[in-house]
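Hi everyone, thanks for having me. I'd like to walk you through one protein today, starting with a term we'll need and then going from the overall picture to a few details.

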Amino acid sequence: MTTKPPAQPGQKRSRRRTGSYAAADAKRAAILDAAIQRYAQLGYLRSSLAQIAADVGSSPAGLLHHFGSKERLLLAVLDARSDRVIKLIGADDRPSADVDLVEEFRTLLRLLEQNIAQPGFMLMFSKLSVEAADPGHPAHGFFAEHYRKNRTQTADHLRAAEREGRLRPGGDWDAMAREFMAVWDGLQIQWALDPEHFDLVAPMRGWINRFLRAYAVDGLDLDASAPDA
C-alpha cells in the first residue's frame, strides 16, 4: 500500500484535482468507458485503439498518452471493473468469523442487479474471459488469478461457516465453490445471449436457496432470513 507524503508546515493538501489534472482524469474516465463498450461489443482482439479514440473524439496517440499501450488500457479497464465490485461488496481481507454467508449471497444478488442496470461491465467481462483462455492473451494472467482467488475465498468462507456450526459438516467446499462460479458465470452468459427474455437474478437466487436449504444447519434461505422478516 502506498501512502501520501505528509504535508509541509503551512501547506494545505488539495482534496480535489483541478485544472489540467482534472481534465486528464476526465479524459481517462471517458476512454475507459468507451473501451468498456467496445470490449462488450467486440471483445479485446477485435477492438482497435482507433475505434476507441474515435468514440471519445481523440486519436490513437492521445490514448497512448494516457495509457501507454493497448494492453495497458485493457488492464486499466479490468482494474476499473474490480474497483467497482470492491465498492459494492467490500474488501476481501475480513476475518472468517466476520463473514455472514447469507448476507454475502444477498450482496452478490445486488451486484447482479447492478450489472443488469449497467450491462457493459458484465458483457465485457464475459467476452474477455472467453478470449483470455488463450495463454497468449494479455489478460490471461488476470483471469487465471481472478478465478483462482475467487474459488479459494469462496471455499474458505464455506469452511469457516462449517467450523462455526452454520453449515453441515463434511461438505466438499472446494467442489461447491467451483460449482457456484460455474453457475454464476453460466447464467450471465445465458443472459447476455437473450437479455430481453432471460431473468438473470431469479435462477441465481434459486440456486443459492437450494444450497442453503441443503447445507445450512437451520435450513436458512434468502427470503425467510431477511432482516425485516
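First, the term: a salt bridge is a side-chain nitrogen of Lys or Arg within 4 Å of a carboxyl oxygen of Asp or Glu. Keep that in mind for later.

Please also remember that what you see is a predicted model. The protein has 9 helices and 0 strands, so along the sequence the pattern reads α-α-α-α-α-α-α-α-α. Of its 229 residues, 36% are buried. Among contacts with a separation of 6 or more, 63% join residues 24 or more positions apart.

Now let's look at one pair of helices. Helix H6 covers residues 119-131, and helix H7 covers residues 140-163. Their axes are 9 Å apart, and the two pack at an angle of about 105 degrees. Because of that angle, H6 is roughly perpendicular to H7. Who makes the contact? From H6 we have Phe-125, Leu-128 and Ser-129, and from H7 there are Phe-142, Phe-143, His-146 and Tyr-147. Sorted by class, that contact of H6 with H7 has 5 nonpolar residues, 2 polar ones and no charged ones.

Let's stay with H6 and turn to Glu-131, which lies in this helix. Which side chain of opposite charge is nearest to Glu-131? That is Lys-127, 7.0 Å away. Glu-131 is buried, yet has no salt bridge. Which residues does Glu-131 touch, leaving aside neighbours within four places in sequence? Glu-131 is in contact with Leu-42, Gly-43, Tyr-44, Leu-45 and His-137.

Key
Residues are numbered from 1 along each chain as its sequence is written. This is a predicted model: local features need pLDDT of at least 70, side-chain atom pairs count only at pLDDT 80 or more; totals for chains, interfaces and linings use all residues. Side-chain values use heavy atoms; hydrogens and water are left out. Axes are lines fitted to C-alpha atoms, for helices over the stretch in contact, and angles run from 0 to 180 degrees between N-to-C directions. Helices (H or I, at least four residues) and strands (E, at least two) are DSSP runs, numbered from the N terminus. Angles under 35 degrees count as roughly parallel, over 145 as roughly antiparallel, 65 to 115 as roughly perpendicular and the rest as oblique. Contact means heavy atoms within 4.5 Å. Ala, Val, Leu, Ile, Met, Phe, Trp, Tyr, Cys and Pro count as nonpolar, Asp, Glu, Lys and Arg as charged, and the others, Gly among them, as polar. Buried means under 20% relative accessible area, exposed over 50%, partly exposed in between (1.4 Å probe, protein chains only). Lys and Arg count as positive and Asp and Glu as negative; His and the chain ends are not counted.
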